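Biologist: Could you take me through this model, please? I would like to begin with how its parts are named.
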Amino acid sequence: MNNMILDLIQKPNDIKKVNKEDYNELADEIRECIIENVSTNGGHLSSSLGVVELTMALHLTMNLPKDKILWDVGHQAYAHKILTGRKEAFNTLRQLNGLSGFPSLNESKCDAFGMGHASTSISAALGYVKARELSKDNYTVVSVIGDGALTGGMAYEALNNASLLKSNMIIILNDNEMSISRNVGGISKVLNTTRTSARYNELKDNVKNTLSKIPGCGEEIIGRIHKTKSSIKQLFVPGMIFEDMGLTYLGPVDGHNIERLVKTINMAKKVNHAVVIHVHTTKGKGYPFAERKPSFFHGVDPFDIETGKPVSREKVTTYSDIFSSSITSMAEKDDKVVAITAAMGAGTGLKKFEKNFPDRFFDVGIAEEHAVTFAAGLASAGYKPYVAIYSTFLQRGFDQILHDVCIQKLPVRFIVERAGIVGKDGITHQGIFDISYLNIIPGMTIMAPKNKYELRDMLDFSLDFNGPVAIRFPRGEALDIYEDNRSPVIYGKSEILKRGLKIAVVAVGACVKLTEEIDDILLENGYDATIINARFIKPIDSALLDDIAKKHDLIVTLEENVLTGGYGQSVLSYINEKGYAADVLNIGLKDSFIEHGDVGSLWKVNGLDGEIIANKILKRIKH
């Protein structure tokens with residue numbers, strides 16, 4: 001790849017050395033760099049391609065790292081990484097020990113705040129502004145937030161406080177007309193209207209230019225008109241939500257016009273309160289396949305640049321596919337079944353349900369808290385809601401799960417997608433805490449299937465279960481392991497896959513696949529272990545634990561969750577409480593955050609490996 005202009009940029013602020021006439025060529029080279037590397041490593045393509053010119057304009061008008069740019073969600077920060085001295089390492093994007101796919105405080109001083117979840121940047125930026133005021137410092141703070149992220153309630157909490165500022169803060173609304181899924185709700189309608197308001201800005205400029213030429217009184221007339229500009233603006237920009245909140249609104253601005261962006265940002269820097277710059281961009285800009293299918297290329301696996309098609313690999317049935325077909329089938333038989341997601345309809349496998357039952361499908365946007373309480377309301381009215389949300393995002397609705405669902409013992413069914421280690425999206429997306437945060441809530445039932453057949457059975461079980469229930473499963477292929485072991489799902493009961501002596505291994509969900517290798521190694525060393533599929537994380541199968549504790553010397557628990565508050569701790573607590581002599585070995589994830597990398601490598605690095613576990617068991621039993 002021949003990047004004559006981009007090669008000149010080796011560290012932050014080098015972009016200011018580039019000639020203006022070369023800006024467009026630089027934008028092309030940045031896009032080429034992003035496309036080439038994402039096609040190899042996978043990643044968030046559409047969003048990053050859409051903000052190349054905006055990123056350049058920010059770097060041209062700011063002094064990094066002194067000035068602060070906070071990228072909401074952060075998956076659009078690839079150009080920012082390239083322009084801040086990380087171009088040479090960009091080929092390690094999302095790889096083990098390589099660059100993160102999101103901003104990271106540990107990676108660069110130019111990443112002002114670590115991001116990964118939506119709707120957080122305005123709050124964090126406001127914190128920077130207040131710190132600047134307290135320190136009597138002088139630097140610019142910019143929050144870049146997408147229109148999809150603006151559906152999250154936290155953004156409005158922050159805007160409410162930002163309206164009180166007496167010093168500068170810039171909020172750039174990157175409006176590309178969509179998030180991961182189609183935008184929904186009132187804010188989308190407001191922005192659709194506002195996008196047409198360029199006519200207002202053009203009229204304002206034309207009137208001001210004309211009046212200023214009137215000798216003697218032109219400036220006075222402009223001053224009088226300025227006092228009434230808010231009411232005039234309301235005529236041309238219906239529902240001016242930002243101005244009504246006390247924020248200065250600038251825009252819409254063409255997000256691919258660098259000169260216009262630079263002028264607008266410099267103008268906004270002079271205002272002594274919060275300013276919203278409404279920037280209109282095209283998601284996937286510069287790569288035709290991504291422009292045509294921005295959702296597909298939002299988070300994409302490796303693909304062929306020439307065709308836009310994924311790198312050829314065997315098509316597998318995923319757990320999301322199983323959920324998709326199962327809930328659609330259930331809805332055909334029961335008209336009380338409804339499905340809810342938070343801007344993740346495709347990712348959670350609900351597109352088929354939406355197509356077949358549009359009136360019973362609800363995408364509430366990036367608003368997990370609302371999704372949970374909305375489901376609670378539906379359950380109160382006699383419906384059977386299935387709330388499908390990724391593990392990492394469901395934790396945002398913890399308060400609502402506890403207060404609005406579990407206290408009232410409402411039969412809301414939580415489909416905890418992408419539970420466990422998810423891989424390359426890294427530290428902010430690993431689903432390794434859901435067992436712990438759900439486990440502490442009284443009345444919550446938690447299940448995890450060992451294979452695709454058991455997921456279907458658990459979904460059938462959940463349909464008429466009279467209480468809150470969560471079913472967690474990993475991203476990726478739905479396994480066939482132990483397919484001959486299929487017994488009815490009975491509340492609170494685990495499943496014995498194999499009976500043995502001395503050692504009992506109890507595995508949760510995805511970890512059941514490790515038991516085959518563990519069992520083989522133990523057999524080679526003279527131990528014929530009992531193998532158990534936990535099925536129910538909560539409640540634990542106390543009757544089975546009583547039985548194995550009396551007949552085994554060592555009970556081993558396996559889970560793809562942090563050990564603190566996990567299934568293993570529940571088992572250990574029970575065994576100790578009963579006073580059994582059996583030793584308990586809990587194996588899971590350490591009390592730490594997990595960085596990015598491929599799932600297989602991360603499992604092994606974090607000790608979820610058959611050989612590693614078998615050796616731990618042998619060491620413990622011989623101790």
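Modeller: Helices (H or I, at least four residues) and strands (E, at least two) are DSSP runs, numbered from the N terminus. This is a predicted model, in which local features need pLDDT of at least 70 and side-chain atom pairs count only at pLDDT 80 or more, while totals for chains, interfaces and linings use all residues. Residues are numbered from 1 along each chain as its sequence is written, and side-chain values use heavy atoms, with hydrogens and water left out.

Biologist: Where does Asp 147 lie?
Modeller: Asp 147 is in the loop that links strand E2 (141-146) to helix H6 (153-162).

Biologist: Is Asp 147 buried or exposed?
Modeller: Asp 147 has a relative accessible area of 2%, so it is buried. Buried means under 20% relative accessible area, exposed over 50%, and partly exposed in between, with a 1.4 Å probe and protein chains only.

Biologist: Which feature does UniProt place at Asp 147 and Asn 176?
Modeller: The unreviewed UniProt entry gives "binding site" at Asp 147 and Asn 176. UniProt positions follow the numbering used here, feature names are shortened, and annotations may be inferred rather than shown by experiment. These two residues are spread over 30 residues of sequence, yet they cluster in space, with a largest C-alpha distance of 7.0 Å.

Biologist: And where is the place of Asn 176?
Modeller: Asn 176 belongs to the loop between strand E3 (169-175) and helix H7 (186-194). Its relative accessible area is 13%, so Asn 176 is buried.

Biologist: Which residues does Asn 176 touch, not counting those up to four places away in sequence?
Modeller: With those set aside, Asn 176 touches Asp 147, Thr 281 and Lys 283. Contact means heavy atoms within 4.5 Å.

Biologist: What other positions carry a "binding site" in UniProt?
Modeller: The unreviewed entry also uses that feature name for a list of positions including Ala 149 and Glu 368. Ala 149 is in the loop between E2 and H6, and its relative accessibility is 5%, so it counts as buried. Leaving aside neighbours within four places in sequence, Ala 149 is in contact with Asp 72, Ala 118, Ser 119, Ala 155 and Ile 366.

Biologist: Where is the place of Glu 368?
Modeller: Glu 368 is in helix H16. Glu 368 is buried, with a relative accessible area of 5%. Residues up to four places away not being counted, Glu 368 touches Ala 342, Ile 389, Phe 393 and Arg 396.

Biologist: Changing topic, how many residues of strand E6 are buried?
Modeller: In E6 (residues 337-341), 5 of its 5 residues are buried. Val 337, Ala 339 and Thr 341 cover one side, and Val 338 and Ile 340 are buried on the other.

Biologist: What is the order of the strands in the open sheet?
Modeller: The 7 strands run E7-E6-E8-E9-E11-E10-E15, with mixed pairing. E7 and strand E15 (536-538) are at the edges with a single partner strand each, so one side of each has no neighbour in the sheet. Two strands pair if DSSP finds at least two bridges between them.

Biologist: How many bridges join E6 to E8?
Modeller: E6 and strand E8 (residues 384-390) are joined by 5 bridges and run parallel. E6 also pairs with strand E7 (residues 361-363) in the parallel sense, over 3 bridges. Ile 340 has Val 387 as its bridge partner in E8 and Phe 362 as its bridge partner in E7. Val 337 stands opposite Lys 384 in E8.

Biologist: Finally, what do the buried residues of helix H4 pack against?
Modeller: They pack against helix H1 (23-41), helix H2 (46-50), helix H3 (52-61) and strand E1 (68-71). H4 (residues 78-86) is mostly covered, as 8 of its 9 residues are buried.
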